[in-house]
Amino acid sequence: MATISIKDITKSYGKTEVIHGVSLDVADGEFIVIVGPSGCGKSTLLRMVAGLERITGGTIDIGGRVVNELEPRERDIAMVFQNYALYPHMSVFDNMAYGLKIAGQSKAEIKQRVDKAAAMLQIEPYLERKPRALSGGQRQRVAMGRALVRQPAVFLFDEPLSNLDAKLRVQMRLEIKQMQRAVGTTALYVTHDQVEAMTLADRLVVMNGGVAEQIDTPMAVYERPATRFVAGFIGSPAMNILQGSVTDKHFALEGGGTLALEDAGYAEKGRPILFGVRPEHLRLVPAADAVLNLGVTAIETLGADTLAHGKLAGANGVGGELVARLPGSARLSVGDTLPLAIEPGMTHLFDAESGRRL
Amino acid sequence: MVEKRGFGTFLVHAVLIVGIAIVCFPIYLTFVGSTLTHFEIIRPPMPLLPGPHLIDNYTQALTQGITAPVGRMLFNSFVMAMGIAVGKIAISILSAYAIVYFRFPFRMLAFWAIFMTLMLPVEVRIVPTYQVAASLGLLNSYTGLILPLIASATATFLFRQFFMTVPDELVEAARVDGAGPLRFFKDILLPLSVTNIAALFVILFIYGWNQFLWPLLITTKPEMNTIVMGLKQMMPTADDYGNWPVTMAAAMLAVLPPVAVVLFMQRLFVKGLVETEK
């Protein structure tokens, strides 16, 4: 168990810098999820912590020890890979025991630790099998068992669930979380799946283009996204973002039309800004109370919810496209005009140029 | 698979049987020859059924032979073939490991240098190689028989291609588990290469067994002769009439070890050639 402290870390391949100075402090036992679109540098960051990738600049400190120049085995970490990376010629038991064997543990100690991990992951019946005789979910468990038996200071997960089918992914997600809680080991977890990120994390690191855009708890990231990118990336369906500018107590849409703002003290008049509201924070109201009117162009029924895609009435040019998440009981059809209101306090304003939250 | 019925099946089998007969007849004739007396063989027509002298001929071949006892020559051949096969595999798997998994200066140059030697088989470089072997005092020795034939570009290339299909994550998992380079080679890479090694072993053993020109040059004493060159020397030349039954028996004996290797390793051999699962 240990803290991790990442200070101003950079990574370059030749002249191309792919990670531009990320800093992160992880408390002991914390579960940190690094999330971002593919190519944002999240896996590279994890691999630098693991010691599989050289660090170009900055320092990584695990448990009070700078590990920049240490080999992976000296860093007291265990890693779970996306394709599991089980040794195909070894039995499940040997796969899990291999690291301990190299570390020179006694036979009895190895057996005791492997049995304990196997019991925890419910893979005892398969200990003598080869990996190829296991299903995807079982292999995933073995890969986790291999990390677990080493009792490392830090778990590193590199998209461990992306090779599983949707149902199994949900189940394994819960199990990973429970396992980490049970052993209380610090964990870094990389994923591109925002649901996984939200459900697993104590804190989220949202990365984009080699920069950590926001580091905070899942709810804080959801409620107060620091940048326009985070706002669009976290939440499904994505947040509606409209371009326009502030005029007195109103937000003037780029394509025409205005929205009333509750509090126009945000910005100086005429400044180009982005106005964001999540689909789930729009609700149907009587026509007289409507803040905006949505001309429905498409409907997706999900059962519990209905997603109404449409265009703002009054927005005649580009933009003004909006999604509203309405109760499943709402009866809608294409061509309707829906009177909608925004839940109080649920609007987000971003600077149009920097994308920063205002 | 194309499904055949009636006449088609008959035709296919007929062709196969004729083919097998053509290939097997000379071998059968050799076997028959090894059970007859010398005069039965040279007086036409030669009998087509085995005679009663099987044990006599084989005993004579194994213990006395003509130039040297065949038993001795078989042993020489075996040592040479094993030495070449094991040596080639050991050297090429290590060089392939170095080329694929380590970054060092002139790595690609080393690879291409090895690859270029494909253009220089023994026959091309035989005179300088002989000169070197002679200067090192390797004539009439097992070292001299084996060493100059060990370097192998083909096997290196084969292992290189195989290693490149091993997933990178496996290497990384081993590094995280704490395995150093030698440990990784011994615990992970070598067990994964077993089928490839077996397939190569079969090919290289037969290659070594069938060497003719090099043993002919490097050995002058009869007791260092290998079986393949020994057979040639047992053939009657212009002014003698040889000893055909013993020669035939020696020929039969010469075929047995490669056949045994192929039969014994067949399962692994086929697996090694078709295996794709990692």
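Two strands count as paired when DSSP finds at least two bridges between them. Strands S16(A) and S17(A) form the hairpin, with three residues between them. In its turn, A:Gly303 has a positive phi of about 100°.

S16(A) covers residues 292-301 and S17(A) covers residues 305-312. They run antiparallel and share seven bridges. One bridge sets A:Ile299 against A:Ala308 in S17(A). S17(A) also pairs with strand S18(A), residues 321-327. This second pairing is antiparallel too, again over seven bridges. Here A:His309 faces A:Val323 in S18(A).

Now step back to chain A as a whole. The chain has 358 residues, and 40% of them count as buried. Its secondary structure comprises eight helices and 20 strands. The C-alpha trace spans about 75 × 45 × 30 Å along its principal axes. Consider contacts in chain A with a separation of 6 or more: 66% of them join residues 24 or more positions apart.

The domain assignment divides chain A into domain 1 (4-227) and domain 2 (240-351). Their centres, taken over C-alpha atoms, lie 40 Å apart.

Strand S11(A), residues 240-247, pairs with strand S14(A), residues 272-277. The sense is antiparallel, and there are six bridges. A:Ile241 stands across from A:Gly276 in S14(A). S11(A) has another antiparallel partner, strand S12(A), residues 250-253, joined by four bridges. In that pairing A:Val246 lies opposite A:Phe251 of S12(A).

Four strands make an open sheet in the order S2-S1-S4-S5, with antiparallel pairing. Strands S2(A), residues 16-26, and S5(A), residues 65-66, stand at the edges. Each has a single partner strand, so one side of each lacks a neighbour in the sheet. Inside the sheet, strand S1(A), residues 4-13, pairs with strand S4(A), residues 57-62, over five antiparallel bridges. A:Ser5 has A:Asp61 of S4(A) as its bridge partner. In a regular strand, side chains alternate between the two faces of the sheet.

The buried set includes A:Arg139, A:Arg141 and A:Arg146, along with A:Val142, A:Met144 and A:Leu148. What covers them? Among the covering elements are strands S6(A), residues 77-80, and S7(A), residues 154-158. Helices H2(A) (92-102), H3(A) (107-121) and H5(A) (166-183) also contribute to the cover. Just after H4(A), A:Gln151 takes a positive phi of about 45°.

Chain B meets chain A through 16 of its own residues, which are in contact with 18 residues of chain A. On the chain B side, helices H9(B), residues 168-177, and H10(B), residues 181-192, are the elements that give two or more residues. H9(B) supplies the largest share, seven residues. By class, this side of chain B has eight nonpolar, one polar and seven charged residues.

B:Ala14 sits in helix H1(B), residues 7-33. It counts as exposed because it has 10 C-beta neighbours inside 10 Å, and the cut-off for exposed is 12 or fewer. B:Ala14 and B:Thr117 are 103 residues apart in sequence and 45 Å apart in space, C-alpha to C-alpha. B:Glu123 lies in the loop between helix H5(B) (107-116) and helix H6(B) (126-135). With 8 other C-beta atoms within 10 Å, B:Glu123 is exposed as well. Yet B:Glu123 and B:Trp214, 91 residues apart in sequence, have C-alpha atoms 8.3 Å apart.

How confident is the predictor? Chain B averages a pLDDT of 86, and 95% of the residues score at least 70. For the complex, the predictor gives an ipTM of 0.82 and a pTM of 0.80. Where pLDDT is low, the predicted coordinates should not be read in detail.

Notes: Residues are numbered from 1 along each chain as its sequence is written. Chains are lettered from A and ligands numbered from 1 in the order in which they are written. This is a predicted model: local features need pLDDT of at least 70, side-chain atom pairs count only at pLDDT 80 or more; totals for chains, interfaces and linings use all residues. A residue is buried if 20 or more other C-beta atoms lie within 10 Å of its own, exposed if 12 or fewer, and partly exposed in between; C-beta atoms are placed from the backbone. Two residues are in contact if their C-beta atoms, placed from the backbone, lie within 7 Å. Domain bounds come from an automatic or database domain assignment. Ala, Val, Leu, Ile, Met, Phe, Trp, Tyr, Cys and Pro count as nonpolar, Asp, Glu, Lys and Arg as charged, and the others, Gly among them, as polar. pLDDT is the predictor's confidence in each residue, from 0 to 100.
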